[in-house]
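Good morning, colleagues. Please have the sequence and the coordinates open as I speak.

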Amino acid sequence: MFDFLKRKKQPQELKAMVSGEVIPVTKVKDDVFSSCMLGKGIAIHPTDRQKVTVVAPADGKITITMEGTNHAVGLRIAEGFDVLIHIGIDTISLNGEGFTSYIKTGQKVKAGEKLIEFDKSLIESRELCSDVILIALDNPELPDVTFESGMQATAGETVVATF
């Protein structure tokens with residue numbers, strides 16, 4: 001009786017937001033991220049040499065845009081499940097130089113849709129890290145998320161997390 005209530009939901013996925021080498025967030029060279037203070041996640045060393053396109057890891061709604069700097073974006077994947085995509089370390093100091101945003105707060109996006117483009121060579125020429133970080137922000141309603149690392153990922157294709 002009521003077997004449909006016992007059925008498990010199909011696992012959902014987060015796909016790579018850029019192409020490159022996926023590493024655990026604990027290896028990021030910034031204590032706020034590596035200590036998992038904001039939540040668990042992964043980072044990707046982008047393989048593109050100059051222009052890097054950051055895409056949505058899943059369908060969702062833009063909750064935060066860093067207007068003026070364009071170095072980070074918040075995305076609500078599901079109720080109680082928000083992610084932060086942060087480009088580089090200390091890149092806020094560039095005041096938006098080398099970053100182009102294609103989204104605005106409140107906008108709905110589809111998995112693989114372009115969010116931000118950035119100039120990796122500019123960031124690295126300023127001796128800043130260009131890793132792109134994906135964090136599942138801590139929340140009591142957060143579903144169990146399993147992150148994958150130690151592989152080469154293709155933006156919008158490679159699964160980097162399941163929940």
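The chain's secondary structure consists of 3 helices and 14 strands, where helices (H or I, at least four residues) and strands (E, at least two) are DSSP runs numbered from the N terminus. Its radius of gyration is 16 Å, close to the 15 Å given by the globule rule for 163 residues, so the chain is as compact as a globular protein of that length. That radius is taken over C-alpha atoms, and the rule is 2.2 Å times the number of residues to the power 0.38.

A word on provenance: this is a predicted model, in which local features need pLDDT of at least 70 and side-chain atom pairs count only at pLDDT 80 or more, while totals for chains, interfaces and linings use all residues. Residues are numbered from 1 along each chain as its sequence is written, and side-chain values use heavy atoms, with hydrogens and water left out.

Along the principal axes, the C-alpha atoms fill a box of roughly 65 × 30 × 25 Å. Of the 163 residues, 47% are buried; buried means under 20% relative accessible area, exposed means over 50%, and partly exposed lies in between (1.4 Å probe, protein chains only). Contact means heavy atoms within 4.5 Å. Among contacts between residues at least 6 apart in sequence, 70% join residues at least 24 apart. The accessible surface comes to about 8,800 Å², with 48% of it belonging to carbon and sulfur atoms; such areas come from the Shrake-Rupley method with a 1.4 Å probe, and for residues only the protein chains shown count as cover.

I turn now to the charged pairs. How many salt bridges does the structure hold? There are 3, a salt bridge being a side-chain nitrogen of Lys or Arg within 4 Å of a carboxyl oxygen of Asp or Glu.

One of them joins R76 and D82, whose closest N and O atoms are 2.9 Å apart. D82 lies in strand β7, residues 81–87. Is D82 buried or exposed? D82 counts as buried because its relative accessible area is 13%, whereas R76, at 36%, is partly exposed. Leaving aside neighbours within four places in sequence, D82 is in contact with T63, L75, R76, I135, A136 and L137.

Another salt bridge is formed by E97 and R126, with the closest N and O atoms 3.0 Å apart. This pair links distant parts of the chain, 29 residues apart: E97 is in the loop between β7 and β8 (99–101), and R126 is in the loop between α3 (120–125) and β11 (132–137). E97 is partly exposed at 38%, and R126 is partly exposed at 40%.

D59 and K110 also meet through their side chains in a salt bridge, at 3.9 Å from N to O. Here too distant parts of the chain are linked, 51 residues apart: D59 sits in the loop between β4 (51–55) and β5 (60–65), K110 in the loop between β9 (108–109) and β10 (114–119). K110 counts as exposed because its relative accessible area is 54%, while D59, at 39%, is partly exposed.

Finally, the surface. V32, M37 and L38 form a nonpolar patch with about 250 Å² of accessible area together. Patches are made of residues with over 30% relative accessible area and no salt bridge; like charges are joined within 9 Å, and nonpolar side chains (Val, Leu, Ile, Met, Phe, Trp, Tyr) within 5 Å. M37 is placed in the loop between α2 (31–34) and β3 (39–46), and its relative accessibility of 58% is why M37 counts as exposed.
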